[in-house]
Amino acid sequence: MDTPTAPQRWAFLAVISAGLFLIGVDNSILYTALPVLREDLQMTELQGLWIINAYPLLMAGLLLGTGTLGDRIGHRLMFLIGLCIFGLASLSAAFAPGAWALVAARSFLGIGAATMMPATLALIRITFEDERERNMAIGIWGSVAVVGSAAGPVIGGVLLEFFWWGSVFLINVPVALAALILTVAVAPANMPNPDSRWDLLSSIYALITLAALVVGIKEVVSPQRQMWLLASALIVFLSGAVLFRLRQQRLTQPLIDFDLFRNRIFSGGVIAAGMSMFVMAGVEMTTTQRFQLSIGFTPLEAGLLMVCLAGAAIPTSIIGGAFLHRWGFLPLICGGFLAAAAGIAVSIWGATHDNGLPAFAVGLALIGAGGGAIMSVASTAIIGSAPIRRAGMASSIEEVSYEFGTLCSVSLLGSLFPVFYAIHAPEQVSGSFSAGVHHPEFGDAARVALDSAYINVLTIACVTALLAAGVTAWLFRGNPGRATYQDKERVLP
């Protein structure tokens, strides 16, 4: 195949970015819509969490397998298939008749995203052969992923201001259709590798393991926990993890080559990706709800607040990719987590003081700037530490890291938010956010309780960011400026 010209490479990156933007947006677009969905679909808190969780759960469970499948049938074809599934699932979600139907549609959205997401990064790895140009492309890729996730609440708020809740899914359809047509027009030829093997059973084990983890997290933090369900989830989780590990050892072409994790740059990238999404998803999800329910913001106003986060993420993500070779990983990743922790601290101050909204906005900008710097170079650390023959595998692991972080954040912080609210709220209004803040007698007390619960969640996110800064500082000690894969040592000196 002829090497694509520079205009072709960057045009194709724009097409890939459109698909990636859809994936990122759907991770967070429902954060502003949750209060509306609770009312229109009469959904419970449990249904709300599963509507949010179904998408990252299916993505994280299937990403490893779809990356390897892309190695086998070609990443261009996988990207096209994923766009088709994503568009059709978006139609189903837009017109879902009830809460559980929406959970099912969100699950298919996760399948579509899992199909095309590894292809985006693998195609960049294949298309951009020059290391510095590839770092810039991955930096742009990372900024699109960050902005997509951060822009979800903004787009959701704008759409809910003028249309019904189904519009937050319907908007995906024309974008997916345009990306489909442009991919056929400008993408490089498909490059399948029939010698690569795809193992469906491994994907099933991974999905079962993650589903059990989500159920276990929900039961651990629930005041009404059912011990039999918690014990069952723990057994299924451990059994699934063991079966997955044993399966990989028996396969000649496993979904995960665990030797990759012996490279501390690779491991550092994985940890940075997961923990950055844990922090950012938790902040976004709870902030949009708090400002709507407690402060009285409209979905649009709550979404626009996230512009501070999204706007700050764009330049740091691009700059990180462009100057990694000069600055190294340590200041960008460890420094990014420190900036995020400082931003959360400023946001807490702003949320607890009168006229603190400007300070709160500054805090969100710091969180976004730190997250943007982390994500662009975390992806570079992962992809650059793997051999090109493992491009699909490395892409899958990279994306699983982000989705796993989102999944854990929604499961843990999303479950703790109502638990903290119930602890602080009067007994008469401790059952539901919406019912509590609209109660004629105890509404003010419910809003105070919700604000207290929100601060509790932000505190956990801040501590997580500080821990991540310490772990990544150790893993990126010596401040390497590039990620390399050593076939013999597999470990950076």
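This is a predicted model: local features need pLDDT of at least 70, side-chain atom pairs count only at pLDDT 80 or more; totals for chains, interfaces and linings use all residues.

Student: At what angle do α14 and α18 pack?

Tutor: The angle is about 165°, and the axes are 9 Å apart. That makes α14 roughly antiparallel to α18, because an angle over 145 degrees counts as such.

Student: Which residues of α14 meet α18?

Tutor: Among them are Leu330, Phe337, Ile344 and Ala351 in α14, while the α18 side includes Tyr454, Leu458, Ala465 and Ala473.

Student: OK, new topic. How many salt bridges are there?

Tutor: The count comes to 2 salt bridges. One of them joins the side chains of Arg106 and Asp26, at 3.9 Å from N to O.

Student: And where do Arg106 and Asp26 lie?

Tutor: Arg106 is in helix α5 (residues 99–127) and Asp26 is in helix α1 (residues 6–28), so the pair ties together parts that are 80 residues apart in sequence. Both Arg106 and Asp26 are buried.

Student: What about Arg290, which residue does it pair with?

Tutor: Arg290 forms a salt bridge with Asp451, with the closest N and O atoms 2.9 Å apart. This pair links distant parts of the chain, since Arg290 sits in helix α11 (residues 264–293) and Asp451 in helix α18 (residues 443–475), 161 residues apart.

Student: Is Arg290 buried or exposed?

Tutor: Arg290 counts as buried, because its relative accessibility is 5%. Asp451 is partly exposed, at 22% relative accessible area.

Technical notes: Residues are numbered from 1 along each chain as its sequence is written. Side-chain values use heavy atoms; hydrogens and water are left out. A salt bridge is a side-chain nitrogen of Lys or Arg within 4 Å of a carboxyl oxygen of Asp or Glu. Helices (H or I, at least four residues) and strands (E, at least two) are DSSP runs, numbered from the N terminus. Buried means under 20% relative accessible area, exposed over 50%, partly exposed in between (1.4 Å probe, protein chains only). Axes are lines fitted to C-alpha atoms, for helices over the stretch in contact, and angles run from 0 to 180 degrees between N-to-C directions. Angles under 35 degrees count as roughly parallel, over 145 as roughly antiparallel, 65 to 115 as roughly perpendicular and the rest as oblique. Contact means heavy atoms within 4.5 Å.
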